[in-house]
Amino acid sequence: MSLNWREVRQAARALARTPGFTLVALSTLALGIGASTAIFTVVQTVLLRELPFDHPAELVQVGHLRASRGPVFGGFSPQDFEDVRAASGTLTSLSSYFYTPGLGTRNLTGLGEPLNVAAVMADGRLFGTLGVSAVQGRTFDAADDVPGANQVVVLSDGFWRTHFGADPAAVGRTVQMDGQTFRIIGVMPPDFAFPSAEAQVWLPLSLVTDNDVPHLRQVRWLDTVGRLAAGVTPEEAAAQVSGAMARLARDFPESNTDWDRASVRPLADQLIGNVRAPLMALMAAVGVVFLIAVVNVAHLMLARGLGRVRELSIRAALGATRARLVGHLLLESAVLATVGSALGLLVAWLATPLLTSIAAGTLPRATEIAIDPVVAGYAVLAGVVAFLIVGILPALRSAEPTADASIREGRGQTGAGHRLASGLLAAESGFAVLLLCGTVLTLSSLWKLTHVDPGFSADQVASFRLVLQGGRYETRAYSEAFRRALRERVAQIPGVQAVGGGKRAPLTGGGEPYSLRVVRNGGVTDTITPAAGMFMVTPGYFDALSIPMLAGREFTAADTTREIIPMVVSEALADQVWPEQDAVGQRFQIGGSDAVVIGVAGDVRQQSLQDPAVSMAYLPLGVFPRSAFNGFVRVAGSPLGYLAAIRAAVRELDPDLPVSDLGPLTSQIESSVARPRLFTALVAMFGTTALLLASLGVYGVVAQGVARRRREIGIRMVLGARAASVIRMVVSDAMRAAVVGAGAGLVAFLAVSRVLRSQLYQVQPTDPMALTLAAAGLLGTAWLAAWLPARRAASIDPGDALRSE
Amino acid sequence: MIRLVNVEKSVPTRPSPTFLLRQLNLQVQAGEFVTIMGPSGAGKSTLLAILGMLDSEHTGEYWFGDHAVHALAPKARHALARASVGFVFQQYHLLDDLTVAENLDVPLGYRNVPSKERQAIVADTLDRFRMVGKKDLFPAQLSGGQQQLVAVARAVIAKPPLLLADEPTGNLHSEQGRKIMELFRRLNEEGTTIVQVTHSEENARYGHRIVRLNDGWLSGD
């Protein structure tokens, strides 16, 4: 079989002569290839493209491996870190940093509106370990990371562009943060987002003093990043670090018992986090959409080929071999696949800005999402796969020798073509059921997640965040007086019903890991650690968030003493410690102080909506002051009408204090489910597309079948067939294929359902109700898609049908 | 059995409709064997379609026994046709994907004849038409004459009182054609009323009466 451009031109001309067919085929291919290429663009950027660091495969994160809790990352004390670093010969470099999303912030003034910036506290080795240089100025090193020399700051590219207009002269200028002056020494490259895209500035770690975080061996707050020596595996590095940690456990049993084993994982795992599973699930889902689209076009090609039997017979009579006929038909498929692939790439390119905007804040590296040569290669590969499916089977079938075989076998060639069409239809139905199962399950999961009772009410609550640190806020009395004055001012705003606050907002993570010694009958009997930790809150906190007080009372302005610390416990903690007794009035010891339970509050989901409420306890923020302050204001009506007044109340007290995240608390809850919502939306979109494409496939196959069987239907009607039996005959043919496909799709889904398990909340991936619903949805839609052309079959005029023969 | 009163059939054309049948009055008695003849375009097949109740888009009256076919709702008309009329076509119109036996079974299935009874009727018909040895063959494996034999057998298997045949020997050579016409004569003698359309004077002689059409008008009876 030889190929020349004349034949290619003929194939293109043949396609141009049937614009309807060509338009539908190209649109379907562009949709299938475009959707899968667009999602691959995200996968390539987030999972496959190398991190923007020097030799990123060598970079690792070092953590603990505890028998009781598995790997724990992000937990070294400065002392442990230095000891481990000194003994880690398998790592050419090991550095540390401190960053807590939402809490690691600094108040920046002097650039117009006061700003609360996300600051990463990094040691002087971090940039060297990562192998990244500044694009303007320089990064800081060990010489900068010492008291007296550490008033320097490195800016992110985004912060530099937004607040300095990308002015190179920004380097060398100074800014005020928390009342201190810092010199800007550098600006990082645009793709540098370490440890997350939220980071806006990097400051020397030595700025974190003992006052900020106790520098004790048992207080573990440093994250690590290291670079493996040449030829060393993470497991070998872990073995060596474990040796050092075992020595520390022996030398410091008070603080290090049970902290004697290390875990080392690639840095990419940390930065990419838990998006790998959902992204791969999405890739699989869009791959199925692609396959359905391609099978649809294969249907069209098959019908086109069978409709050209006369042309092909003439070509055969003129001497064309079967190979030649196949080649002739394949050329058209090749032209379609090539143009479809190019259009698919165009669709992906057009979708990229949309994907970037919806992925921002929910996926790491979202700002880097872009078409690159690998993505273009993927689109070409998708085109090749489309060509193989769209071209080969229909071409082989259509170019089959006609008269001889059909006479010998006693059956028409169209019967075989019909069987192939039914097979393709079954495949489409199976693929669609596969996706519909995922769609129903994720929708069910999202519904359950968004209807979970978090233990508090966010309706009619405005929230905001302040960071009371630096300057006069370093004085406990001043910061407490500020909080009290703010509560009083906000409470005076007409319509405000309750005001309170705390170090952390609900659904944003755990509290501080304090241990409590339980006092029974005057003596300490046991020690417990509340599972969610301890939370520092102000008076009004429970009222503002509508957290019910089940017994006793909440904090008041009078709860300021450390002699006997007042404490509120959650219902789960009360049930755990005093299952048969009233918790109010019971005693604990915290550190060296006595504490008394003054109230029992309802359980609250603190970590996230997915995580169940666990035991926790509350302490008065006035007694345990913290710089981070999340305020909650319960109002009459919509919180949006109160935001300006709340901001003004802060301004009146301190015009230089930035107010962050001011808005309805419901928005925070929304953002806490943004990723599952995005995942569900995409899966549902793919599921709907799959259903639509499969329905079109059914419609097309049945409509073609009706056209092909017009004479047969006419004969049957002449022989006495009723309209209902004609409809039943036509529909049942299609439904047989759809049922077989749906069954196969269900079996396939059950085989792969475990990949979805981690993305589901309170829904089993094998939930029979959901799977039945998915299969019923497909079969119902397929029935409708078959019924429409079948109705036309029943209205065929038998006289006309037979006369036209 | 059949009475047509002022039947007219036209199709919309510009500037004025084209008439296929004009003011047709015709009676066919039960047990008759009537031949309709005329040149191409005279309206023979149109008349056959109306008689077979496939075409109801006409004016005038069509009485089938006591039934006013022209006034029947489609469902009732189809039911009457199913019970009363068998068709034989020039192109045989066998179902290609069904065997001879399966083709014979089709009309019985549409008349809700129980399965066991159907098997017996099909076996009896195969025997009666001497096709037992060919029951498992597909139409494409039969000669033209054999296919038309199957078509006739299928047309009468449900024992319709009226058999309509449109050029039944048109695709057959003379010997095959004679056999089919002998079969028609035998069926007529057994009580089936037959109306055939043909160009062949020889075939017309098998019938009792010739009705001639010209440009849609009845020109001789």
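1. Arg227 of chain A counts as buried, at 8% relative accessibility; the classes used here are buried under 20% relative accessible area, exposed over 50% and partly exposed in between, with a 1.4 Å probe and protein chains only. A:Arg227 forms a salt bridge with A:Glu58, in which the closest N and O atoms are 3.0 Å apart. A salt bridge is defined as a side-chain nitrogen of Lys or Arg within 4 Å of a carboxyl oxygen of Asp or Glu. The two residues link distant parts of the chain, 169 residues apart: A:Arg227 is in strand β11 (residues 223–228) of chain A and A:Glu58 in the loop between α2 and β1 of chain A. A:Glu58 is partly exposed, with a relative accessible area of 30%.

2. On provenance, the model is predicted, and local features need pLDDT of at least 70, side-chain atom pairs count only at pLDDT 80 or more, and totals for chains, interfaces and linings use all residues. Residues are numbered from 1 along each chain as its sequence is written, chains are lettered from A and ligands numbered from 1 in the order in which they are written, and side-chain values use heavy atoms, with hydrogens and water left out.

3. The overall description of chain A is as follows. Chain A has 25 helices and 24 strands; these are DSSP runs numbered from the N terminus, helices being H or I of at least four residues and strands E of at least two. Its C-alpha atoms fill a box of roughly 105 × 60 × 55 Å along the principal axes. Of the 805 residues in chain A, 53% are buried. The accessible surface of chain A is about 33800 Å², and carbon and sulfur atoms account for 59% of that surface; the areas come from the Shrake-Rupley method with a 1.4 Å probe, and for residues only the protein chains shown count as cover.

4. Contacts, meaning heavy atoms within 4.5 Å, are reported for chain A by sequence separation. Among those between residues at least 6 apart in sequence, 80% join residues at least 24 apart.

5. Across all chains the structure holds 39 salt bridges. One of them joins A:Asp372 and A:Arg49, with the closest N and O atoms 3.2 Å apart. A:Asp372 lies in the loop between α11 (322–359) and α12 (373–398) of chain A, and A:Arg49 in the loop between α2 (19–48) and β1 (59–66) of chain A, so the pair ties together parts that are 323 residues apart in sequence. A:Asp372 counts as buried at 15% relative accessibility, whereas A:Arg49 is partly exposed at 23%. In chain B, the side chains of B:Glu190 and B:Arg186 meet in a salt bridge at 3.9 Å, N to O; B:Arg186 is partly exposed, with a relative accessible area of 37%.

6. A network of salt bridges links A:Arg709, A:Glu712, A:Arg716, A:Asp733 and A:Arg736. Of these, A:Arg716 lies in helix α21 (residues 710–718) of chain A and counts as buried at 12% relative accessibility. Neighbours within four places in sequence aside, A:Arg716 is in contact with A:Ala721, A:Met729, B:Leu95, B:Leu98, B:Val106 and B:Tyr110.

7. In chain B, four strands form an open, antiparallel sheet in the order β2-β1-β4-β5; two strands pair if DSSP finds at least two bridges between them. Strands β2 (18–28) and β5 (67–68) of chain B stand at the edges, each with a single partner strand, so one side of each is left without a neighbour in the sheet. Strand β4 (residues 59–64) of chain B pairs with β5(B) in the antiparallel sense over two bridges, and B:Phe64 stands opposite B:His67 in β5(B).

8. Helix α2 (residues 74–84) of chain B has as its buried residues B:Arg77, B:Leu80, B:Ala81, B:Arg82 and B:Ser84. Their cover includes β4, β5, β6 (85–88), α3 (100–110) and β7 (162–166) of chain B.

9. Some backbone geometry should be noted. The peptide bond from A:Phe194 to A:Pro195 is cis, with omega near -5°; A:Pro195 is in the loop between β9 (180–187) and β10 (201–204) of chain A. Another cis peptide bond joins B:Arg14 and B:Pro15, with omega about 0°, and B:Pro15 lies in the loop between β1 (2–11) and β2 of chain B.

10. Two residues other than glycine have positive phi. For A:Asp178, phi is near 50°; this residue is in the loop between β8 (174–177) and β9 of chain A and is buried, with a relative accessible area of 7%. For B:Asp215, phi is about 50°; B:Asp215 lies in the loop between β9 (209–214) and β10 (217–220) of chain B and counts as exposed at 57% relative accessibility.
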